[in-house]
Amino acid sequence: MKIFTTRHLLPIAAGVLCSMLTGGAQADATLAQNKGCLTCHHSERKVIGPAFKDVATRYQNDKDAAAMLAKKIKDGGKGAWGDAVMPPNPHVNDADSARLVAWILGQK
Ligand code: HEC
């Protein structure tokens, strides 16, 4: 009996591929995309802002980092990585900011 048609399999295959690429963090990646973070950031390499992997490495032993970064995402700032300025992101609420930080700090 044929249970799955190609029409059914395609979205499943796409979903599996996405979770393979992002380590299951697709929803968080989508959030970062929707909030405009990926215009200036990439997980693996520096764009205008630092690579999220480098951010995770820098703060891996800093227990205060999550709160500091969640605030910085909302308020913007400069000086930690160079001369480029991160503009404030007032459209990101506290919950989303905390979620983005957890996702970023998990990227190693
Ligand atoms: C217009 C470009 C731009 C956008 C949009 C942007 N960033 Fe940044 N981001 C930067 C720059 C530049 C820095 C480096 C600032 C510094 O050196 O202190 C940075 C730094 C960071 C840092 C590290 C801060 C630190 O003190 O180490 C995090 C985390 C971060 N961004 C997350 C985000 C998230 C999440 C978003 C989306 C809500 C976002 N950024 C949107 C440019 C951007």
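Begin by selecting Leu 38: leaving aside its neighbours within four places in sequence, Leu 38 is in contact with Ala 32 and Gln 33. Two residues are in contact if their C-beta atoms, placed from the backbone, lie within 7 Å. Residues are numbered from 1 along each chain as its sequence is written. The model is predicted: local features need pLDDT of at least 70, side-chain atom pairs count only at pLDDT 80 or more, and totals for chains, interfaces and linings use all residues.

**The loop between helix 2 and helix 3**

Leu 38 has its place in the loop between helix 2 and helix 3. Is Leu 38 buried or exposed, or something in between? A residue is buried if 20 or more other C-beta atoms lie within 10 Å of its own, exposed if 12 or fewer, and partly exposed in between, with C-beta atoms placed from the backbone. Leu 38 counts as partly exposed because it has 16 C-beta neighbours inside 10 Å. Next, select Gly 49 together with Leu 38; they are 11 residues apart in sequence, and their C-alpha atoms are 9.4 Å apart in space.

Now move to Cys 37, which is found in the loop between helix 2 and helix 3. Cys 37 is buried, because 21 other C-beta atoms lie within 10 Å. Apart from neighbours within four places in sequence, the contacts of Cys 37 are Ala 32 and Leu 100.

**The whole chain**

The chain has five helices and zero strands, where helices (H or I, at least four residues) and strands (E, at least two) are DSSP runs, numbered from the N terminus. Of the 108 residues, 14% count as buried. Among contacts between residues at least 6 apart in sequence, 53% join residues at least 24 apart.

**Helix 4**

Select helix 4 and look for Leu 69, Ala 70 and Ile 73, which are its buried residues. Viewed down the axis of helix 4, these buried residues fall within an arc of 105°, so they line one face of the helix. The arc is that of the directions from the helix axis to the C-beta atoms. An α-helix has 3.6 residues a turn, so residues three or four places apart point the same way. The buried residues of helix 4 pack against helix 5. Just after helix 4, find Gly 76, which takes a positive phi of about 80°.

**Helix 5**

Select residues 94-105, the 12 residues of helix 5. How far apart should the ends of helix 5 be? The expected span of a helix is 1.5 Å times one less than its number of residues. For helix 5 this gives 16 Å, which agrees with the 16 Å between its end C-alpha atoms.

Within helix 5, colour Ser 97, Leu 100, Val 101, Trp 103 and Ile 104, which are buried. They cover an arc of only 165° around the axis, which puts them on the same side of helix 5. This buried set packs against helix 2 (26-34), helix 3 (52-58) and helix 4 (65-75).

Turn the view to the face of helix 5 that points away from its buried side, where the exposed residues Asp 94 and Ala 95 are carried. Asp 94 is exposed, because it has 10 other C-beta atoms within 10 Å. Asp 94 and Ala 70 are 24 residues apart in sequence, yet 7.5 Å apart in space, C-alpha to C-alpha.

**The nonpolar core**

A nonpolar core is a set of buried Ala, Val, Leu, Ile, Met, Phe, Trp, Tyr and Cys residues joined through C-beta atoms within 7 Å. To see the largest one, select its 12 residues: Ala 32, Cys 37, Phe 52, Val 55, Leu 69, Ala 70, Ile 73, Val 92, Leu 100, Val 101, Trp 103 and Ile 104. Helix 3, helix 4 and helix 5 each supply at least two residues of this core, and helix 5 gives the most, with four. Centre the view on Phe 52, which touches His 41, Ser 43, Ile 104 and Gln 107, not counting residues up to four places away in sequence.

**Around the ligand**

Finally, select the ligand. Which residues are closest to the ligand? Of the 28 residues that surround the ligand, the closest are Cys 37, Cys 40, Gly 49, Ala 80 and Met 86; a residue is near a molecule if its C-beta atom, placed from the backbone, lies within 6 Å of it. Helix 4 gives the most to this shell, with three residues. The shell divides into 17 nonpolar, eight polar and three charged residues. Here Ala, Val, Leu, Ile, Met, Phe, Trp, Tyr, Cys and Pro count as nonpolar, Asp, Glu, Lys and Arg as charged, and the others, Gly among them, as polar.
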